[in-house]
Amino acid sequence: MRPLEPPSALGVIGGGQLGRMFMLAAKSMGYRTIVLSAKSETPASQIADEVIIGAPDSLAGLTRLVERTQAITVEFENVSAPGLRWLSRRSVVRPGWRTVWVSQNRIREKRFLSATGLPVAPWRPVRTPEELSLAVAEVGPELILKTAASGYDGKGQIRVSHPDQARDAWSELGSVPCVAEGVVDFACEISVIVVRGADGAIVVYPPGLNHHDRHILDTTLMPAPLGPHATQQAQDLAISVATALQTVGVLTIEFFVTSSGQILVNEIAPRPHNSGHLTIEAAVTSQFEQQVRALCGLPLGSTDLLRPAAMVNLLGDLWREGEPQWAEALSLDPGVKLHLYGKTSAAIGRKMGHLTVLDRDIESARSRLLAVRSALTSRSRA
């Protein structure tokens with residue numbers, strides 16, 4: 001297939017901030033953008049050339065999207081895999097339905113990783129009381145119960161510290177299908193963004209070191225201070241996942257690094273990732289431009305970093321006492337970049353934007369961002 005060149009129309013299923021940043025990259029390259037969004041006022045719909053209102057699995061919405069575009073991508077994984085399969089018979093769809101289908105259910109995801117021979121924490125499926133008892137016996141006594149579907153940012157998971165708590169924990173999750181994961185003695189969490197082109201070419205970014213607060217990503221440092229051997233091992237594992245899935249597009253692999261140095265695959269995201277937002281400023285080619293390139297069949301870009309970088313998330317918590325003090329905070333550091341997603345209402349724990357800064361010293365970058373974020377809610381005025 002010949003590459004799709006500007007001004008071809010590119011479609012996105014989902015109206016969140018990942019779709020917004022994809023569209024900003026696409027529009028800078030001369031493409032038209034059309035979003036299928038459940039609501040009219042979303043981060044992506046503010047940027048799109050055209051908005052189709054409809055659920056992500058709406059036949060009417062998908063039909064109109066395929067009629068109005070030359071290629072289609074997704075901005076989150078909780079979309080209809082059968083819907084993507086239907087679309088793929090009528091248009092270019094990347095990532096493919098199978099990649100999304102595997103990654104949107106933790107039982108399928110763990111089975112795929114285990115069958116591929118990739119290192120994962122001990123786990124068992126939990127769909128019945130009998131499977132729960134078996135999981136406690138085999139991966140316990142401490143474990144984490146996670147719903148198989150629709151869990152993100154810590155939602156849909158409970159840590160079980162004693163076998164006697166397992167039954168109540170599963171009931172609290174609704175007794176829905178889950179995975180039981182053994183508790184890992186991890187030193188840190190990292191993520192690796194890998195991109196596979198339509199021609200099979202693969203590029204990979206340096207690992208990012210992630211710190212979470214309340215199970216929500218708080219900060220990312222890139223490159224992660226792992227050392228050359230662990231860095232290469234994490235990148236190789238990410239490439240193995242992308243190759244095994246035969247995906248085309250951006251794929252993010254989240255890893256646990258144990259205290260003994262072992263690297264375990266945690267989860268797969270078939271899209272750009274929060275931890276990769278800093279590539280907008282820090283890399284030769286951002287993760288969102290790579291998504292455009294892979295979708296359109298263009299050569300992939302360089303993943304080299306211009307300089308080490310850090311990112312901190314801006315959650316709705318910052319709006320509790322009113323609008324953050326943007327000018328006062330940004331005046332502290334002219335090197336800090338602000339990204340807001342255009343969300344119309346702030347809520348506790350809701351991702352509203354992020355800050356990025358480049359610095360030769362990665363810890364200095366982190367400290368600079370935390371100082372600016374702290375100043376956002378300071379009410380002291382000169």
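Buried means under 20% relative accessible area, exposed over 50%, and partly exposed in between (1.4 Å probe, protein chains only). This is a predicted model: local features need pLDDT of at least 70, side-chain atom pairs count only at pLDDT 80 or more, and totals for chains, interfaces and linings use all residues. Residues are numbered from 1 along each chain as its sequence is written, and side-chain values use heavy atoms, with hydrogens and water left out.

**Stop 1: Thr285.** Select Thr285, in the loop between α9 (279-282) and α10 (287-296). Helices (H or I, at least four residues) and strands (E, at least two) are DSSP runs, numbered from the N terminus. Thr285 is buried, with a relative accessible area of 3%. Its side chain reaches the backbone oxygen of Ser302 at 2.9 Å.

**Stop 2: strand β13.** Now select residues 216-222. 7 of the 7 residues of β13 are buried, so the strand is largely enclosed by the rest of the structure. Which strands run antiparallel to β13? On one hand, β12 (residues 208-213), joined to β13 by 5 bridges; on the other, β16 (residues 309-315), joined by 4 bridges. Two strands pair if DSSP finds at least two bridges between them. Find Leu209 opposite Leu221, then Thr219 with its bridge partner Val312 in β16. In the β12-β13 hairpin, with 2 residues between the strands, Arg214 takes a positive phi near 55°.

**Stop 3: α2 and α3.** Select residues 59-68 and 81-88. The axes of α2 and α3 come within 11 Å and cross at roughly 30°. Axes are lines fitted to C-alpha atoms, for helices over the stretch in contact, and angles run from 0 to 180 degrees between N-to-C directions.

Notes:
A polar contact is a pair of N or O atoms within 3.5 Å; within protein, one must be able to donate a hydrogen and the other to accept it, and residues adjacent in sequence count only if both atoms are side-chain atoms.
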